[in-house]
Amino acid sequence: QVQLVESGGGLVQAGGSLRLSCAAPGRTFSGYAMAWFRQAPGKEREFVAGVTWHGGNTYYADVAESVKGRATITRTDSKIANTVLLQMNSLRPDDTGLYYCASRKSTATIKPGDYEYWGQGTQVTVSS
């Protein structure tokens with residue numbers, strides 16, 4: 001079982017930035033692809049960004065109103081702990097939602113159902 005803990009959410013004005021962090025206390029992400037998803041009220045959970053287990057490839061949502069070009073996912077791996085960051089810039093009110101960190105023991109995908117482990121989420125609220 002992998003427990004994921006997100007942090008860094010909050011209330012920010014449109015145009016501002018936030019950096020979300022995901023950690024797995026007491027263990028590493030080694031060998032796991034990592035991703036960020038978000039869910040707005042009344043909407044389905046959607047892919048935001050992902051990174052392969054080795055960190056060599058990153059993926060971003062590429063649909064209308066997506067975060068592509070405004071978000072950067074990075075991961076740091078060590079023998080002690082790992083961190084996955086999501087830097088989001090030029091935030092808009094439609095970026096508001098609960099942001100989840102997820103992991104899977106395989107390649108990164110954009111489908112929520114493919115991920116085995118999830119955090120509880122961190123709330124991001126962007127005011128206009």
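Modeller: Strand β2 (residues 10–13) pairs with β11 in the parallel sense, over four bridges. This is a predicted model, in which local features need pLDDT of at least 70 and side-chain atom pairs count only at pLDDT 80 or more, while totals for chains, interfaces and linings use all residues. Residues are numbered from 1 along each chain as its sequence is written, and side-chain values use heavy atoms, with hydrogens and water left out.

Biologist: What makes β2 and β11 a pair?

Modeller: A strand is a DSSP run of E with at least two residues, numbered from the N terminus, and two strands pair if DSSP finds at least two bridges between them. Four bridges lie between β2 and β11, and therefore they count as paired. Within this pairing, Gln13 stands opposite Ser127 in β11.

Biologist: How many bridges join β9 to β11, and in which sense do the two strands run?

Modeller: Three bridges join them, and the strands run antiparallel, with Leu98 standing opposite Gln123 in β11. Strands of a sheet pair through backbone hydrogen bonds, either parallel or antiparallel.

Biologist: Why are β1 and β7 called edge strands?

Modeller: They belong to an open sheet of four strands in the order β1-β3-β8-β7, with antiparallel pairing. The strands β1 (5–7) and β7 (71–77) each pair on one side only. Inside that order, β3 (residues 18–23) is joined to β8 (residues 82–88) by six bridges, and Cys22 stands opposite Val84 in β8.

Biologist: How do you know whether Asp95 is buried or exposed?

Modeller: Buried means under 20% relative accessible area, exposed over 50%, and partly exposed in between (1.4 Å probe, protein chains only). The value for Asp95 is 0%, and therefore Asp95 is buried. Asp95 is found in the loop between β8 and β9.

Biologist: Which side chain does the side chain of Asp95 join in a polar contact?

Modeller: The side chain of Arg70, at 2.8 Å. A polar contact is a pair of N or O atoms within 3.5 Å; within protein, one must be able to donate a hydrogen and the other to accept it, and residues adjacent in sequence count only if both atoms are side-chain atoms.
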